[in-house]
Amino acid sequence: MNHQLTNTHIELYQKNGYLIVDNFLDDRELAIWREAVDEAVAARKNNRLPYNTAKIPAKAQGEAVFQQRINLWMDHPGVRRLMFDDRIGKMAADLEGVDGIRIWHDQALIKHPWANPTTWHQDNTKWSFSSEHAITIWVALDNVTLQNGCMFFLPGSHKARLKDHPAAGNRVGAMFETYPELGGLEPAPVVLRAGGCSFHNGLMVHAAHANMTPYPRRAFTCAYMPNGSTFNGTSNVLPDSMLESLQIGDVLDDDDQTPLIYSRT
């Protein structure tokens with residue numbers, strides 16, 4: 001695993017809000033990740049979450065953009081081993097300059113042939129904690145191209161938390177009606193060979209192309225939160241059993257839900 005970061009990497013990340021790491025996984029590691037993720041997705045069937053047995057309708061709006069299966073680490077030992085790798089946790093902590101990293105949630109994101117684009121959005125504004133130092137790793141399990149649904153980042157857009165979240169629907173640029181200044185930025189495409197990865201800040205404004213090919217585009221991602229983050233009242237991926245006991249301001253430190261994978265202390 002190509003997990004060594006330089007000061008230049010960290011400086012670029014903190015300036016732009018994202019970092020691309022080519023050859024993150026070697027061929028052997030890539031094969032292990034592909035096998036684990038494929039097995040976990042197949043075992044999950046139509047359940048998006050491990051603790052929610054509601055089936056996803058075959059023609060659900062979200063599934064037209066990508067097939068999403070969340071927190072596979074909870075019910076697949078192979079994915080758990082991958083996600084608990086403290087080398088990745090250290091990379092996330094070093095990029096964000098924090099002392100500890102917890103998993104918020106992992107997810108398989110599979111853009112099937114001819115799948116719709118992903119509209120421009122921020123991630124952390126939807127999560128159950130608010131942090132300027134949330135971070136996500138996005139690992140390419142297939143080659144990611146302009147044709148099959150690569151992501152795009154708006155460099156520097158991670159420096160502002162957006163308060164309004166316009167309903168995007170099928171309109172890719174809906175966000176720019178509320179934030180026209182963002183619509184004037186030049187997007188950076190994230191083209192990756194299989195085994196490459198990107199990191200991006202939880203407030204990075206990003207989107208993804210449609211898949212304009214007859215082949216799927218598989219990716220596996222994990223969102224991380226700094227240790228010590230607190231509940232903000234948003235449910236997001238937390239199970240009902242946990243939400244019943246949480247109060248706004250409570251520290252999210254339940255290792256069964258948000259495990260600590262790296263700490264400097």
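1. Buried means under 20% relative accessible area, exposed over 50%, partly exposed in between (1.4 Å probe, protein chains only). H4 is mostly covered, with eight of its eleven residues buried.

2. A word on the source. This is a predicted model, where local features need pLDDT of at least 70 and side-chain atom pairs count only at pLDDT 80 or more, while totals for chains, interfaces and linings use all residues. Residues are numbered from 1 along each chain as its sequence is written, and side-chain values use heavy atoms, leaving out hydrogens and water.

3. Look next at Ile-88. It sits in helix H4, residues 86-96. Ile-88 counts as buried because its relative accessible area is 2%. Leaving aside residues up to four places away in sequence, Ile-88 touches Met-1, Phe-24, Trp-33, Leu-82, Ile-137 and Tyr-224. Contact means heavy atoms within 4.5 Å. Between the C-alpha atoms of Ile-88 and Asp-22 there are 15 Å, with 66 residues separating the two along the chain.

4. The lining consists of Asp-22, Asn-23, Leu-25, Asp-26, Asp-27, Leu-30, Arg-193, Ala-194, Gly-195 and Gly-196. A pocket is an open set of points on a 1 Å grid where a 1.4 Å probe fits, with protein on both sides within 12 Å along at least five of seven lines; lining residues have an atom within 4 Å of a point. The space in this pocket is about 160 Å³. Its lining has four charged, three polar and three nonpolar residues. Gly counts as polar here, and Ala and Leu as nonpolar.

5. Now the whole chain. The secondary structure comes to six helices and eleven strands. These are DSSP runs, numbered from the N terminus: helices are H or I with at least four residues, strands E with at least two. Of the 265 residues, 53% are buried. Contacts with a separation of 6 or more are 82% between residues 24 or more positions apart.

6. Last, overall dimensions. Along the principal axes, the C-alpha atoms fill a box of roughly 45 × 40 × 40 Å.

Terms used
Points joined across faces, edges and corners; volume = space filled by probe spheres on them.
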